[in-house]
Every structure is written in C-alpha cells, then in structure tokens.
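Biologist: I'd like a close look at one helix and what surrounds it. Could you walk me through that part slowly, as if I were new to this?

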Amino acid sequence: MGKTLFEKIWDKHVVRYIENETAVLYIDRHYIHEVTSPQAFNAIEKNGLKIFRPEKTTATADHNVPTVNQHLPISEKLSRIQVEQLEINCKKHNIQLFNLQNEHQGIVHVIGPELGLTLPGSTIVCGDSHTSTHGALGAIAFGIGTSEIEQVFASQCIIQNKPKTLKINVTGKLQKGVTAKDVILYIISKISTSGATGYFIEYCGETISNFSMEERMTICNMSIEMGARGGLISPDSKTIEYLKNKKFAPTGYDFELAKENWSNLFSDADAKFDRELFFSASEISPMVSYGTNPGMAISVSENIPLSNSLSGSEKISFANSLNYMNFYEGEKLVGKKIDYVFIGSCTNSRIEDLRSAAEIIKGKAKSANVIAWVVPGSKKVEQQAIAEGIDKIFTAAGFEFRQPGCSACLGMNEDKIPEGKYCVSTSNRNFEGRQGKGARTILASPIMAAIAAIKGEITDVRNYLN
Amino acid sequence: MKQKIEKIKSTAVPLPIENIDTDQIIPARFLKSTTKDGMGKNLFCDWRYDVSGNAKNDFVLNNSEYDGKILVAGKNFGCGSSREHAAWALSDYGFKIIVSSFFADIFINNAYNNGMLPIQVSDDFLSLLFSHLIENSKQEVEIDLPTQTIAICGTMLKEKFEINPYRKQCLLNGLDNVDYLTSIKSEIEKFETKNETYYVNEEDWLIAG
Ligand code: SF4
C-alpha cells in the first residue's frame with residue numbers, strides 16, 4: 001500500500017520506536033525565540049549538557065520586541081532582559097541569531113520560509129504552536145513545549161507519538177474577495193477548534209494548489225486552531241520556484257539534487273488517510289469571527305447563530321463568549337463599530353497581504369475613530385513594502401506602518417488593544433485577552449481588515465472591489 | 001529523575017468550562033520571565049482577579065471550600081498556544097492531575113513533561129464528577145496509575161483511562177526524556193551519517209549572520 005506524504009517524511013526521520021507509536025524523531029531544523037527558550041537553556045546548563053547540533057537551531061527575537069524605534073534599547077525592562085538573555089544564550093552556545101539589528105529579523109514563521117531555512121521533506125519544530133506554517137513548503141512542522149526544546153538541544157531529537165492523518169480537500173473556484181484566510185476560517189468554523197486534534201493534516205485540491213506560497217502559509221498556519229499538530233501541502237513547481245535563490249536554500253548542483261528529492265514528496269494515489277474531509281470553495285464568503293475562539297466565525301453576511309441548537313455545556317461557553325464580546329445571538333455583524341485594526345502576525349503579514357490591503361485603501365483615508373496598525377512580518381517584508389511604496393499608501397491613509405514583530409497578535413509588547421475595544425485583526429486567535437486584557441478581537445482577512453479601517457465598522461469587502 | 005506518580009487520593013477543584021485555552025491558563029503578559037518559578041500565582045489570572053487585583057469571589061480558585069491536587073475541567077482543555085508556562089503554572093499551583101473529557105495535543109505533552117498526569121474520561125464520567133464536586137466540595141477522587149483507574153470515592157463510580165505505555169513508565173519511575181535521549185546518542189549519530197541530508201548549507205551558515 002502507498003504512503004501519505006506525512007508518513008514518507010515521518011518514517012525517514014524515525015531514529016527508533018520506543019513503544020508502538022512513540023518514536024524518537026530526528027529534527028532537521030529547530031527555530032527558537034526569546035519567550036519559550038530561556039528555561040530550556042537553563043535546564044541544559046544545569047544538567048551540564050552541551051547543545052548537540054547548534055547549527056541546526058536558528059533564533060530570532062519577535063514575540064516581545066517593540067515595533068517602533070527598534071534601533072534604540074528596548075525600554076520595557078522585562079522584555080529587554082528576555083531579548084538580552086536570548087543574545088547571551090545564543091552567543092554562548094554558538095547558535096545563529098537574527099536579533100533586532102539584523103536584516104533577517106522577523107516573526108519566526110515568516111523568516112524561516114523567506115530565508116530558505118524551511119525546506120520540503122524536512123522535520124521542523126519550534127516552541128510555538130504556529131510552527132505549522134512551515135508545512136506550506138511540504139515539511140512536517142509543529143509546535144513544541146519548552147521541555148521538548150530541551151530534548152532537541154540535548155539530542156536533535158524529540159520523543160513523539162505518531163499522529164493520525166487527515167486529508168482536507170478544497171476544490172472549486174473562490175469568489176471575488178475571498179482569500180486564503182477566509183478558507184481556513186471557514187474550515188475551522190465547520191469542524192471546531194478541536195475537530196482535528198490528534199491529526200496531522202494534508203491540504204489537497206485545486207483551490208489549494210492554485211494558492212501562492214504565501215497563501216498556503218496562511219492556510220497551514222491556522223491548522224493548530226482546529227487542534228491539529230500541523231498541516232502540510234505537497235511541494236510543486238511553485239514551491240521550487242519560491243525556493244530558488246533563497247538565502248540559505250541549496251544552490252547550483254545541490255539545488256538540482258534537492259529538486260529531485262522533493263519531486264517524490266506527494267501522497268501515493270493508494271495511500272490511506274485516517275480521515276478525509278471535503279470543502280467546496282464556491283460556498284465560502286469573506287469570514288469574520290464573532291466569539292472567543294477561532295471556530296466561532298461566520299460569513300460576513302450571516303448573523304451570529306442562535307444558542308438553541310447547542311447542548312447544555314456548549315450553551316454556557318457560547319453565552320460567556322458573547323458576553324465577553326458584548327454581542328447578542330442572532331445579531332448582524334455588518335455595521336458594528338470598531339476601534340482598532342491590526343494587519344500583521346505570522347498568519348497575514350507577508351508582502352502579498354500588505355499589497356492586497358494597500359490596494360483596498362489606496363487613495364482613501366481611515367475612519368477618524370479607528371487606530372490602524374500595519375506590522376510587517378519581517379525586515380525583508382518591511383524593506384520590500386518600502387521599495388514598492390506600500391508604506392506610503394498606508395501612512396497616507398492614516399495607518400501606522402510599524403517595524404517587524406508579533407506585536408498586537410498576542411500583546412506581549414506595548415501594542416495592546418485596550419479593555420472593551422473592538423479590533424479587526426488579521427491574526428489567528430480571538431481568545432479572551434489575547435490582544436490585551438479585555439480586548440475584543442474580530443478575526444478577518446487583510447482586505448476585510450483594510451475596509452473595516454476605512455469605514456470604521458465591520459464591512460463586506462465585496463461591495464468595494466473593482 | 002522526576003517526581004513519581006503512582007496513586008493519588010485528593011479533593012478536587014471543578015472548572016466546568018469548555019475550550020479553556022492556554023491564554024486563559026496564563027496570559028501572555030506573564031511570559032516575560034526567563035525562569036519557571038512562581039507561575040502559580042498568575043494561574044487563571046484574568047478569571048481570578050479583577051482589574052485592581054482583587055480576588056473575584058465567583059471564581060473557584062478563590063473559593064476556600066475547594067482545594068486539592070486534582071483539577072477537573074471542561075472539554076478541550078489546554079488548546080491554543082504551545083506555551084509550557086501553562087503547565088508550569090498548574091504544577092506550581094499544586095495540581096498533579098488534570099481531568100477532562102478532551103485535551104489539546106501539545107498540552108498533553110507539556111503536562112507529562114512536567115510530571116503531571118492528564119486523564120481523559122468520558123463525557124458522562126466528567127458530568128458525574130462535576131455534579132459530585134459541585135454538591136460536595138470535600139468529595140475525594142482517587143487515581144490509581146498502575147491499574148489506570150479514576151474513582152469517585154465513597155461511590156461505585158469508577159472509570160478506566162488510557163495512557164501511552166511509555167508515558168506511564170516515565171511517571172511511575174520518575175524517568176526523564178532528556179536522560180533517555182542522551183543515553184542513545186551514538187544511535188542518533190549513526191542515524192545522522194546514514195541519512196545525510198541535502199538540506200540547508202550549514203557551512204555558509206555560521207558566517208552568514
Ligand atoms: S505572530 Fe502571533 S501567532 Fe505568530 S508567532 Fe507571533 S505571537 Fe505567535
């Protein structure tokens with residue numbers, strides 16, 4: 001019987017099985033950042049161990065960094081200590097670090113693919129759940145905890161249970177104004193935040209293969225929001241084109257060799273998945289979330305559902321959620337006043353995201369009641385946007401064009417949404433307090449966020465497309 | 001060596017909320033520490049304290065009737081971020097066992113790696129647990145790891161739970177994953193030579209930055 005793409009990569013990386021499904025898995029690329037790594041470094045030092053393969057770990061500072069004045073020392077003391085600690089640890093252990101002064105700095109899941117560090121067929125981990133993003137290039141990539149970072153430091157391996165496989169097919173043509181973000185929000189809304197727990201997803205179908213590499217990253221990024229370990233997409237000619245001339249990707253003869261290897265990275269026709277789901281692209285509209293988890297999302301033209309279809313315990317969570325958002329069941333979202341717009345995060349902060357948002361706002365001005373932030377995902381994206389004049393389009397419309405980092409996606413730095421305020425955000429989580437204590441997040445695509453900033457309220461972007 | 005778990009009999013704290021994500025267990029603003037210490041005081045911070053830092057009376061951790069080593073929570077516990085700080089906060093607070101009818105993947109690993117035991121029970125057993133605990137805050141619950149059972153003390157109510165055999169051995173014997181991995185280092189080295197990859201050109205690598 002044939003193998004799935006996931007199984008092909010997994011099997012190649014198993015050093016040994018400890019028990020039935022519990023494997024020692026070899027890791028090709030390990031990314032770290034300032035927030036989840038310090039305790040792992042401490043543990044390694046405390047146990048008198050050395051980092052086994054320092055060249056396979058890459059570090060960047062992203063979660064906790066300011067998005068203005070990055071040339072100055074970080075003013076917030078705890079953040080500064082954390083970033084400095086990362087510098088000290090990397091230096092001591094000979095790990096490549098892209099710190100704030102480096103031209104390659106950015107959100108870890110943006111820079112990995114952009115630098116050609118994320119390659120098809122590899123295993124990739126990072127102490128961050130959105131590591132699933134890298135699956136867009138045909139890699140097994142997933143988030144781990146700090147104890148597991150310690151395992152990778154000590155042995156370049158982690159102990160993992162083999163997940164089950166789930167195939168998600170999306171076929172058909174997308175309507176105008178519907179983006180990769182809407183596709184993934186739609187899928188999560190259909191299967192819930194725990195719908196894929198225990199599984200590793202492979203996204204297939206013409207809708208997926210028609211997506212650009214950056215759009216594929218948006219899709220894979222949010223795999224974790226339905227509980228999956230990760231999600232991947234079989235590499236094709238677009239993947240190979242994307243990797244050409246990337247800073248750390250193989251070149252010349254090595255690239256040709258690699259290409260040959262990558263061409264075997266697909267699920268065999270007779271491979272068996274543990275589960276399979278089908279979605280039709282034409283049924284998807286621009287999406288917005290209304291609740292406090294990413295599964296609570298609807299088409300912008302729909303009303304918030306009624307609670308009478310829910311079971312007892314679900315009813316309580318649903319009511320709490322609406323109460324937090326100050327929304328009511330059955331209510332319409334279009335026309336709701338908003339206070340903030342955040343375009344950024346590892347889901348939607350790449351150049352194509354910024355271009356598409358800029359297209360919408362070009363020649364217009366943001367609503368006076370809205371504060372709008374654009375935070376590019378990396379220094380490279382920032383530079384590219386400046387080179388294309390996109391930064392000017394944003395600033396002319398009254399947006400703040402900031403410097404790279406996670407920013408208001410999780411509100412660890414100063415970029416927080418104040419209590420009770422509504423923020424249309426291109427990030428991936430609308431949990432209570434995610435963007436700041438009491439902040440109310442509405443997840444949407446970059447173009448939906450852009451039009452919301454202009455109108456000052458939740459708006460169906462389809463009415464504003466040429 | 002880690003702390004072992006074999007049998008635990010304790011009162012328990014009920015938290016009948018579904019989809020409790022790690023941002024609720026410990027909000028991001030408490031992630032600025034470079035150590036694991038003292039996370040327990042910020043466990044469920046935004047549910048536990050109001051804006052001025054006063055304890056909210058309606059939250060169960062502020063109810064002096066309830067305490068114990070066992071947390072019983074609604075379905076899909078620990079979803080969201082991979083932050084192990086959530087496990088550190090629960091463990092630092094004093095919980096050894098987390099019971100729910102469903103757990104998020106990464107949280108399960110993080111719990112085990114910190115010597116805690118996540119127990120997945122059926123929806124029915126979870127409702128029974130909640131109703132007993134809500135009725136009687138002194139209700140004890142007994143966990144027996146060797147036989148993989150969880151019981152509501154003083155009743156006939158009992159359920160068997162699943163656990164991965166490797167995880168079970170680790171908890172019973174206080175084994176540590178890092179010790180295990182470093183003990184097979186030569187096998188890992190052999191694997192590396194056998195599976196030489198064409199991946200990132202690491203010779204350029206260290207000069208590149
Ligand atoms: S942008 Fe948000 S989701 Fe992505 S890595 Fe940063 S904090 Fe995590």
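Predicted model: local features only at pLDDT ≥ 70, side-chain atom pairs only at ≥ 80, totals over all residues.

Modeller: Let's start with the packing: the buried residues of α2(A) lie against β3 (29-32), α3 (77-93) and α5 of chain A, along with α3 (85-93) of chain B. So which residues of helix α2 (residues 38-46) of chain A are buried? They are A:Pro38, A:Gln39, A:Ala40, A:Phe41, A:Ala43 and A:Ile44. Just after α2(A) comes A:Gly48, which has a positive phi of about 65°.

Now hop over to α5, one of the elements that α2(A) packs against. Helix α5 covers residues 146-155 of chain A, and A:Val152 is part of it. Is A:Val152 buried or exposed? It counts as buried, because its relative accessibility is 1%, and the cut-off for buried is under 20%. Leaving aside residues up to four places away in sequence, A:Val152 touches A:Ile27, A:His30, A:Val125, A:Ile144, A:Cys157 and A:Ile158.

One last stop is the ligand, which sits in the largest cavity. Residues around the ligand include A:His63, A:His109, A:Asp128, A:Cys406 and A:Arg434. The shell around the ligand splits into five nonpolar, five polar and two charged residues. Domain 1 (5-275) and domain 2 (289-464) of chain A each supply at least three residues to that shell.

Technical notes
Residues numbered from 1 in each chain as written. Chains lettered and ligands numbered in written order. Heavy atoms only, no water. Helix = DSSP H or I, 4+ residues; strand = E, 2+ residues; numbered from the N terminus. Buried < 20%, exposed > 50% of the residue type's maximum accessible area, 1.4 Å probe, protein only. Contact = heavy atoms within 4.5 Å. Near = heavy atom within 4 Å. 1 Å grid on protein atoms, 1.4 Å probe; cavity = no way out; pocket = protein on both sides within 12 Å on 5 of 7 lines; lining within 4 Å. Sits in = over half its atoms within 2 Å of the grid points. Nonpolar A, V, L, I, M, F, W, Y, C, P; charged D, E, K, R; others polar. Domains from an automatic or database assignment.
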